[in-house]
Amino acid sequence: MLQIRWHGRGGQGAVTAARIFGLAAALYAGWYAQSFPSFGTERRGAPVTAFTRLDDRPIRDRSQIYNPDYIVVLDATLLETTDVFAGLAPGGIVLINSSREVAGGRIPAGVRLHYLDATHLAREVLEVPIVNTAMVGALAGVSGLLPAEAVTRAIADVLPEGLADKNAAVARRAYELAGEGTGKPGAAYHDSRPV
Amino acid sequence: MRAYLNGNEAVATAVRLARAEVVAAYPITPQSTIVEKIAEYIADGSMAADYIRVESEHAALAACYGAAVTGTRVFTATSSQGLAYMFEMLHYVSGCRVPLVMAVTNRGLAAPWTIWADHQDAIACRDTGWIQLYVETAQEALDTCLQAYKIAAHPEVLTPVMVCLDGYVLSHTEEIVDVPDQEAVDVFLPPYRPEYAVDPARPIVFGIGAGPELYPAFKHYQHQAMLRAREIIEDVDREFAALFGRSYGGLVDPYYCDGAEVVLVLMGATAGTAREVVDDLRRRGEQVGLLRLRSFRPFPVAALRSVLAGTKVVAVLDRDCSFGYEGVLATEIKAALQGANVPGTPEVAGFTGGLGGSDIRPEDLAGIFRRCLEAVRRRDRGESPAVSGGCSENGKAEGINLWLS
C-alpha cells in the first residue's frame, strides 16, 4: 500500500487534491484508492491535511495515516509551523511548492526532497495562485504512479466545467516539469538530497 | 457505473436511484453533505422530489412523517444532536408504522462537543422501534439504503429504518463505488404504493390515542413486525444479491469465524480494519475471526448464537458506552449467549473504544485479539478467570482510548 499526505491551508484545495489523485488512480490508472480529509472543521488559512491511499487490492484499512510514503506541501510557509515530515516512511519522498530549497534544520536525514515553483506556474496558466492541481500533476510526474491522462481526466470529473481545462493544462505542465515519471525533471523543478 | 464517491455521496446517490419523492432535513455535520447533494440533484432536475426546508430536526422528521402517511417515498438524514432532537418523533414514526428511511451519519454526543464518529447517537435510540443497519463501506451505504426502502415497506414489517454510517470514516472518505443502473433499481424498488395512506377519498386516521384496552396490541404487533423483519432483511439481501451481485450477509457478516477460538464482534467501518488484522493473525496461525453485526435492531440472536457457539472468547468492541455498566453491544451479546443455555458458552470480553472519533488502528485491534488469545491459553491450562480487568481509568489495560469494560 502507498500512502500520501497532503499539506495545505484552508482554501488552497488540499482536500480536492487528495480526491483528484485518488479518483485518477481508481478510475483511470487501475489502482484501488481511498481519499479523505483530516477529519473535522476546516478554516480558511488554517493548516489542513488530506490523505490518499493506493493499493493493487481493495483497501479495507479505515485507520488514519501515520507513516506516509509521499508528502506533498502546497504552501512552504507551513514548514515554519508544522512538522510536515512527521512519520515519513523510510525512503519517503517529499514534494514542496517552493521556488527555492528550504532550510535544512528540521528535514530528516535521507529524505528525498523535490521542489516545484507551482505558485509561479499557476499564476502563469490559471492566472491565480491556486496550486492544488499543479501539485497533483507534479506528484504523478515525480512518482510515476499515474499517467498525465489519468490526472487530467480526473480533473475534468471533479472540477466545474469552467475551471477544468486550465487546471488540466497546469497539471500536465507540472507533470512534464516533474519528469513525466522518468526521473528527469525540467528547469522549474529542483531535486535535492540534504544530508 | 464505476464511480469514486464518499459515503455521504453514496447515500445521496441511493436516494436518487430510489426515486424518493419528499426529502426534509436540517443540516448537521457530518450528515450535511448528503442533503446538500440531494438538493443539487433536485435543482439540476436529475431527481424529481420536493425538498422541504425546515427549522429543526424535529420538524424534519415530522414533515417526513406527514409526507409518508400520504403514500410517498421519503428520506431524511441526521447525526448526533440532530437525532437526539428527533427523539420524540422517532416513536411517532415507528408507532404509526411509517416505513421511512433515514441515514444516520454517526457522531458522538455533546458534552464535550464533538463532530467525530462513534455510535452513541444511534445506540441511544435503540428502543425507539426503528430498524438499525450499520454499514462498512460507501458501497454498502448505497446498497443498504436501497435495501432499506424494500425492508421498511414490506407489508409484514412496516417499520422505519436507520442506515447508520460512521461519520468521516465513511461519510467523508472517497472510494470506488459501483453505482447501479436506474433500470435495475426500478425493478428492485417499484413505486411505493402502500395499502394504507391518508387520502381524502378514503379517510383513515394515523396516530390515534389508544386506551389500555388497545395500546398493548399496537405494541405487540410492532414488536412482532420487528421480529419478522429478521427474515425480511435476509430475504431482501438475497434478492439484492441476485440482481446486483453484492450481498452483505443480511443480519450478520461473519469473517473467518469457522473454528475460531476468538471472535471479535463490532459494527460499522472498523470491520474493514479488523479484516486486515484477522488476515494477518491467521497467517501467523492464530484461530481468530470477525463477526460484523449489520442489524442491531432487530437483534439477530439465532444468527449470533450459531456463529459464536463454538468459540472460546468473544471480544466485543463498542463505540458507545452505557455509563455505569459497559458497552451496550457487550451486554446484548452476553444476553444472547446466556439464553443459548449450551455448555461451553464462550466468555464475552467487552471493550469500549473509538469514542468521539478516536482512531481505531490495526494495532489496537491486534491488542484486543492478543489479550483474548492469552486468556484462551490460560483457560486451556485450566486457569481462570480468562479476560478480566476493570475500566482502565489510570490508563492501564489498553489505555484511556480503549478500555476493557
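How many Å separate the centres of domain 1 of chain B and domain 2 of chain B, taken over C-alpha atoms? The separation is 29 Å.

**Before you click**

This is a predicted model: local features need pLDDT of at least 70, side-chain atom pairs count only at pLDDT 80 or more, and totals for chains, interfaces and linings use all residues. Residues are numbered from 1 along each chain as its sequence is written, while chains are lettered from A and ligands numbered from 1 in the order in which they are written.

**Stop 1: the two domains of chain B**

Select B 2-244, then B 252-404. These are domain 1 and domain 2 of chain B; such bounds come from an automatic or database domain assignment. Now show the contacts between them. Two residues are in contact if their C-beta atoms, placed from the backbone, lie within 7 Å. On that basis, 25 residues of domain 1 of chain B meet 20 residues of domain 2 of chain B. Helix H6 (120-123), strand S6 (131-134) and helix H9 (215-244) of chain B each supply at least two residues of the domain 1 side. Helices (H or I, at least four residues) and strands (E, at least two) are DSSP runs, numbered from the N terminus. H9(B) gives the most to that side, with five residues. Colour the domain 1 side by class: 14 residues are nonpolar, six polar and five charged. Here Ala, Val, Leu, Ile, Met, Phe, Trp, Tyr, Cys and Pro count as nonpolar, Asp, Glu, Lys and Arg as charged, and the others, Gly among them, as polar.

**Stop 2: the core**

Select B:Cys145 and B:Val163. They have the most contacts inside the largest nonpolar core, which has 193 residues. This core draws at least three residues from each of domain 1 and domain 2 of chain B. A nonpolar core is a set of buried Ala, Val, Leu, Ile, Met, Phe, Trp, Tyr and Cys residues joined through C-beta atoms within 7 Å. A residue is buried if 20 or more other C-beta atoms lie within 10 Å of its own, exposed if 12 or fewer, and partly exposed in between; C-beta atoms are placed from the backbone.

Centre on B:Val163. Leaving out residues up to four places away in sequence, B:Val163 touches B:Val101, B:Ala103, B:Leu133, B:Val135, B:Ala141, B:Thr144, B:Cys145 and B:Ala148.

**Stop 3**

Six strands form an open sheet in the order S9-S11-S10-S13-S14-S15, with mixed pairing. Two strands pair if DSSP finds at least two bridges between them. Strand S9 (252-255) and strand S15 (402-404) of chain B are at the edges, each with a single partner strand, so one side of each has no neighbour in the sheet. The twist averages 20 degrees from one strand to the next.

Zoom to S9(B) and S11(B) (288-293). They run antiparallel, joined by four bridges. B:Val252 has B:Leu293 as its bridge partner in S11(B).

H10(B) lies across S9, S10, S11 and S13 of chain B, at about 165 degrees to S11(B). Axes are lines fitted to C-alpha atoms, for helices over the stretch in contact, and angles run from 0 to 180 degrees between N-to-C directions.

**Stop 4**

Select B:Thr29 and B:Pro30. A cis peptide bond joins them, with omega about 0 degrees. B:Pro30 is in the loop between S2 (22-25) and H2 (32-43) of chain B. Next, go to B:Arg297 and B:Pro298. Their peptide bond is also cis, with omega near 0 degrees. B:Pro298 falls in the loop between S12 (295-297) and H11 (301-308) of chain B.

Now B:Ser80, which is not a glycine but has a positive phi of about 45 degrees. B:Ser80 is in helix H4 (80-85) of chain B. Buried or exposed? B:Ser80 counts as buried, because 30 C-beta neighbours lie inside 10 Å. B:Arg97, again not a glycine, has a positive phi of about 60 degrees. B:Arg97 is buried, with 20 other C-beta atoms within 10 Å.

**Stop 5: where the chains meet**

Show both chains. 19 residues of chain A contact 22 residues of chain B. S2(A) gives the largest share of the chain A side, six residues. S2(A) pairs with strand S8 (174-178) of chain B in the antiparallel sense, over two bridges. Finish on A:Ser35, which stands opposite B:Glu174 in S8(B).
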